[in-house]
Amino acid sequence: MTTMVFVNFPVSDIEASTSFYEKIGFKKNPNFSDELVSCMVWDENFFIMLLSHARYKTFIGEKEIADTKSSSAALISFTFSSAQSVKDFGKLADENGGKSLYLDNGISEEMMYGLEVQDLDGNCLEPVWMNSEMGKNLFHEKISLTNKKALTNESLFFILKKKSYILFSKETS
């Protein structure tokens, strides 16, 4: 069985958010949508559920909904077939009320390219392309850390044995 991923985003305006996601390439599934929820389909395995604040609160108990316009709650990464397709996705977001940011992480575009794309409410998607060698190593090579310090989301470790690259950024304890 193939795993399906459903990302739940709280949004302030279901109709505007649905329109935004349609304009950047998602399709609305009306069978799982109503006035409180829009089910946005990327492909047969990846879905974003746009939930009104009222509906979202039914899933989080006493917690507050994060203000994603001023704080980061999560980065939802998914892959694209080329660096250019990532750039095109970011451009569509910019043209339709979202915001795309390129953050230079020191990895050449020939190895990997990604953006942070924010929707109308500041929820973050991270479209990314990586070359096939990087992908193979990321998923098939065991990465052992001799220093067992915790890595923050500022950290980036890719060990590419075949290319002899060791790329990293900040490590914290």
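When I say contact, I mean heavy atoms within 4.5 Å. Keep in mind that this is a predicted model.

Start with N123. Leaving aside neighbours within four places in sequence, N123 is in contact with F9, P10, V11, T68, V117 and Q118. It sits in the loop between β8, residues 116-118, and β9, residues 124-130. Is N123 buried or exposed? Its relative accessibility is 4%, so N123 counts as buried, the cut-off for buried being under 20%.

Which element gives the largest share of the lining? That is β1, with three residues. Both β1, residues 5-11, and α2, residues 53-60, supply at least two lining residues each. By class, the lining has ten nonpolar residues, six polar and one charged.

Now the other residue, E110. It is found in the loop between β6, residues 99-101, and β7, residues 112-114. At 60% relative accessibility, E110 counts as exposed, because the cut-off there is over 50%. Not counting residues up to four places away in sequence, E110 touches W129 and N131. From E110 to N131 it is 21 residues in sequence, and 7.1 Å in space, C-alpha to C-alpha.

That's what I have; questions are welcome.

Methods: Residues are numbered from 1 along each chain as its sequence is written. This is a predicted model: local features need pLDDT of at least 70, side-chain atom pairs count only at pLDDT 80 or more; totals for chains, interfaces and linings use all residues. Side-chain values use heavy atoms; hydrogens and water are left out. Helices (H or I, at least four residues) and strands (E, at least two) are DSSP runs, numbered from the N terminus. Buried means under 20% relative accessible area, exposed over 50%, partly exposed in between (1.4 Å probe, protein chains only). Ala, Val, Leu, Ile, Met, Phe, Trp, Tyr, Cys and Pro count as nonpolar, Asp, Glu, Lys and Arg as charged, and the others, Gly among them, as polar.
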